[in-house]
Amino acid sequence: MIREYRSDDWDRYVMDFRHPHRVLEPVEQEIAVVDAALRTLHQAGVMPHVNYDHAKMLAHREAVRDLFDIPWTAITPRMQRLLYAINVIKQPRNMIAAGVFCGNTFISNAGAAVGPGACYTARKLIGVEIVAAEAERAERNVRKIDSTGTAYVLAADALDMVAQFKDPIDLLYLDANGGRGRGKGIYLEILEAAYDRMPAGSLTLAHNSVNGGEHIQQYLEFVRNPAKMSASVNVVFDKEGLEVSAK
Ligand SMILES: C[S@@+](CC[C@H](N)C(=O)[O-])C[C@H]1O[C@@H](n2cnc3c(N)ncnc32)[C@H](O)[C@@H]1O
């Protein structure tokens, strides 16, 4: 069973969180690393294919660079490309992103369906952020790219929001760090709240699979249990990592 994609340089590929648009490597190298990760996801049965439009990805990246107010972010250019590609390939009708801070993670997912990188038509793409001022900033950012209203950010607790969402959830992106000492342990709580509305083949993406600390371990045990998920692969090409799991 395929469990991991790991690039040789994952621990040397380092970004400055306060300068997220700084170029870290030639774009050809970035594409090659992300393609290798996508091929591993395809081989594991998580992704149906590995193809996405590179020019549209760059159009998406330029719009975010020019229009978004990002005080800091831990989303590396490799991760931005991977999130965008996964969404282009899977085309989730409904996507929920939990813990979106200023919206950069959210739009890395949603940009597959809205703005200059759009490749398909989605139904609802919802970012959830518990800190009201951050949710407002994220919503302001998203409005600069998406004029359709398909993508939007709510100020709410993602756990409550997911529990109350009635429709199928085709892609769930997890990035919240829960209060009350839960840290990334909140990932499992959110996934369990969503699980019965996630169709077969739906995806859950968990940021910080590498550096998420002890609290993420129970989450990883859950998604790596074949009784719960059909496949789960840890993508390790930066110091944060992304666990990609298919139901
Ligand atoms: C580490 S930040 C995500 C930053 C993102 N990885 C990036 O690099 O841009 C986690 C965010 O989750 C939010 N958060 C924490 N608990 C939450 C919850 N229960 N529901 C929604 N958002 C939550 C926090 O306020 C914070 O903005």
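The questions and answers below set computed values against the definitions in use. This is a predicted model, in which local features need pLDDT of at least 70, side-chain atom pairs count only at pLDDT 80 or more, and totals for chains, interfaces and linings use all residues. Residues are numbered from 1 along each chain as its sequence is written.

Q: Why is A246 called buried?
A: A residue is buried if 20 or more other C-beta atoms lie within 10 Å of its own, exposed if 12 or fewer, and partly exposed in between, with C-beta atoms placed from the backbone. A246 has 21 other C-beta atoms within 10 Å and is therefore buried.

Q: Which residues does A246 touch, not counting residues up to four places away in sequence?
A: Contact requires C-beta atoms, placed from the backbone, to lie within 7 Å. On that basis A246 touches G45, V46, G201, L203, M229, S230 and A231. A246 is found in strand β8 (residues 242-246); helices (H or I, at least four residues) and strands (E, at least two) are DSSP runs, numbered from the N terminus.

Q: What makes α7 largely enclosed by the rest of the structure?
A: 7 of the 9 residues of α7 are buried, so the helix is largely enclosed. These are I186, Y187, L188, I190, L191, A193 and A194. They pack against β2, α6, β5, β6 and α8 (217-223).

Q: Why are β1 and β4 said to stand at the edges?
A: Two strands pair if DSSP finds at least two bridges between them. β1 (4-6) and β4 (151-155) each have a single partner strand, so one side of each is left without a neighbour in the sheet. The open sheet has 8 strands in the order β1-β7-β8-β6-β5-β2-β3-β4, with mixed pairing.

Q: What makes β1 and β7 a pair?
A: β1 and strand β7 (residues 231-236) are joined in the parallel sense over 3 bridges, and the definition asks for at least two. Within this pair, R6 stands opposite V236 in β7.

Q: Which residues touch the most other members of the largest nonpolar core?
A: A nonpolar core is a set of buried Ala, Val, Leu, Ile, Met, Phe, Trp, Tyr and Cys residues joined through C-beta atoms within 7 Å. Of the 75 residues in the largest such core, A98 and I190 touch the most other members. Helix α3 (residues 77-90) gives the most to this core, with 8 residues.

Key
Contact = placed C-beta atoms within 7 Å.
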